[in-house]
Amino acid sequence: GMKYIVPFLKHMDGYSLWNSSFTHCNSVTLFPHRDFAKEIFEASRRQGLKVGGYFCLDEFVYPIVRNGRIDVRGEK
């Protein structure tokens, strides 16, 4: 009966499950050197499931949102 999946792809600790251009803290650059988001999306589609993704934009360790705007350079 499952029709869709929405995995949590990035938590507030900044670790993302894809090769993020915003941070080096991800599953491709660091251990285990795998793009889990891509694997999840491809496997879900092969099974006929609709797939989305959820991630937390705000971060504790590697903040990319400061003063209400996206800061890709990491300025304080």
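1. Confidence. The protein chain of this predicted model has a mean pLDDT of 85, and 82% of its residues reach 70 or more; pLDDT is the predictor's confidence in each residue, from 0 to 100. Among the elements, α1 has the highest mean pLDDT (97) and strand β5 (residues 65-66) the lowest (64). Where pLDDT is low, the predicted coordinates should not be read in detail.

2. Conventions. Local features need pLDDT of at least 70 and side-chain atom pairs count only at pLDDT 80 or more, while totals for chains, interfaces and linings use all residues. Residues are numbered from 1 along each chain as its sequence is written, and side-chain values use heavy atoms, with hydrogens and water left out.

3. Ser44. This residue sits in helix α1 (residues 36-46); helices (H or I, at least four residues) and strands (E, at least two) are DSSP runs, numbered from the N terminus. Ser44 is buried, with a relative accessible area of 6% (buried means under 20%, with a 1.4 Å probe and protein chains only). A polar atom of the Ser44 side chain lies 2.8 Å from the backbone oxygen of Ile40. Beyond its neighbours within four places in sequence, Ser44 is in contact (heavy atoms within 4.5 Å) with Ile5, Leu49 and Val51.

4. The buried face of α1. Ala37, Phe41 and Ser44 are the buried residues of α1. Viewed down the helix axis they fall within an arc of 70 degrees, so they line one face of the helix; the arc is that of the directions from the helix axis to the C-beta atoms. Their cover includes β1 (4-5), β2 (8-10) and β3 (50-51).

5. After the helix. Gly48 follows α1 and has a positive phi, near 80 degrees.

Note on methods:
Buried means under 20% relative accessible area, exposed over 50%, partly exposed in between (1.4 Å probe, protein chains only). A polar contact is a pair of N or O atoms within 3.5 Å; within protein, one must be able to donate a hydrogen and the other to accept it, and residues adjacent in sequence count only if both atoms are side-chain atoms.
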